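Keep the structure in view as you read.

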Amino acid sequence: MPESATTAVPRPCRQRLLLAMKGFCMGAADVVPGVSGGTIALILGIYQQLIEAIRSFDSLWLKAIIHVNVREVRGRPHFGFILPLFAGILAALVFFTRVVPLPALIESHPEQVYGLFFGLIAGSIMILLVNFRPQRMTLLALTLGMLVGLWIFTRVPAETPDAAWFIFLSGMLAISAMLLPGISGSFILLLMKKYSAVFGAIGTFNLAVLLPFFAGVLTGLILFSRLLSWLLRRFYANTLAVIIGLLLASLWIIWPFQLRIYATIADKTKMIGSNPVLPDPGLASTWQAVGLMLLGIISVLLLERLARK
């Protein structure tokens, strides 16, 4: 019998395409100041799988490289997950900086762009709260996550040293923040006054900055992915409560109606601070932002329903 249209495309190909699309969504979020790709991974249901995939690059894999064990080198890490996902992330970074300039849209239509992301995050919080069990420890964990998030988001950039050890620390903290839903890695670099130094070094290929920074990124990936994996396996409810707290705190900076403070850093305009305000009902942009906010919430709820099916 001839194959039906639904079986014409091999299942692994469909899965890789879906992963690439999810990576594209994560990359789009990373372009928006204050939005974390980890948040989108959580919304799309691949967060724990992402942590485990990063963790799969372990000491056994390094030993396989040393012993030229090609089968182990190719098979041990989750390349089937990592490669399509990061291809999607890279495609989004190119698309939303070259084809559709999302940073420019953020400057010209901040309420609408942040309204959509506010709805996406609010919808994901609703889904997570459905499975949340309000016990004493989980409530404490949720409060801790919310307080830590608010403390981070209300900080202002401070003067910091330019020494290699601090650049290493900046890279480690930035990548660790990117792995956490609700916290943006670029926002951490802005707080540590190293955004200009790092991105300027990328443009000029300054190894004095790039080597300690990427060493910090690699260290953060190795250590923090293992810590998160261990916490999710051993203390899933409390870890999830902390993540929900961080997401709740992130709504402070993602709220579309704000007095935002921008600064030009490395020839790019970046938000360095904001203060939430009440929306003006007389403006068309207010209702557009509210409409996109509702669209974001409905989209996440529909995605979750489809995922359950």
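**Helix packing and a pocket**

H8 passes H14 in a left-handed crossing. The model is a predicted one. The points below take that helix pair, then a second pair, then a pocket.

**H8 and H14**

- H8 covers residues 110-130, and H14 covers residues 236-254.
- The axes of H8 and H14 lie 10 Å apart, and the packing angle is about 155°.
- Angles over 145 degrees count as roughly antiparallel, so H8 is roughly antiparallel to H14.
- On the H8 side, the contact uses Tyr114, Phe117, Phe118, Ile121, Ala122, Ser124, Ile125, Leu128 and Leu129.
- On the H14 side, the contact uses Leu240, Ile244, Leu247, Leu248, Ser250, Leu251, Ile253 and Ile254.
- The contact of H8 with H14 has 15 nonpolar residues, two polar residues and no charged ones.

**H3 and H13**

- H13 spans residues 207-234, and H3 spans residues 47-55.
- The axes of H3 and H13 come within 9 Å and cross at roughly 130°.
- H3 and H13 are therefore oblique to each other.
- The crossing of H3 and H13 is left-handed.
- H3 brings Tyr47, Gln48, Ile51, Glu52, Ile54 and Arg55 to the contact.
- H13 meets them with Leu221, Ser225, Arg226, Leu228, Ser229, Leu232 and Arg233.
- By class, the contact of H3 with H13 has six nonpolar, three polar and four charged residues.

**The second largest pocket**

- The second largest pocket holds about 1,100 Å³ of space.
- It is lined by 39 residues, and the closest to its centre are Ile40, Leu42, Ile43, Leu44 and Gly45.
- Helices H1, H2, H3, H7, H8, H14 and H15 each give two or more residues to the lining.
- Which classes of residue make up the lining of the second largest pocket? The lining has 31 nonpolar, six polar and two charged residues.

Notes: Residues are numbered from 1 along each chain as its sequence is written. This is a predicted model: local features need pLDDT of at least 70, side-chain atom pairs count only at pLDDT 80 or more; totals for chains, interfaces and linings use all residues. Side-chain values use heavy atoms; hydrogens and water are left out. On a 1 Å grid over the protein atoms alone, a cavity is a set of points where a 1.4 Å probe fits but cannot get out, and a pocket is an open set with protein on both sides within 12 Å along at least five of seven lines; lining residues have an atom within 4 Å of a point. Grid points are joined across faces, edges and corners, and a volume is the space filled by probe spheres set on the points. Helices (H or I, at least four residues) and strands (E, at least two) are DSSP runs, numbered from the N terminus. Ala, Val, Leu, Ile, Met, Phe, Trp, Tyr, Cys and Pro count as nonpolar, Asp, Glu, Lys and Arg as charged, and the others, Gly among them, as polar. Axes are lines fitted to C-alpha atoms, for helices over the stretch in contact, and angles run from 0 to 180 degrees between N-to-C directions. Angles under 35 degrees count as roughly parallel, over 145 as roughly antiparallel, 65 to 115 as roughly perpendicular and the rest as oblique. A crossing is left-handed if the near helix is turned anticlockwise from the far one by less than a right angle, and right-handed if clockwise. Contact means heavy atoms within 4.5 Å.
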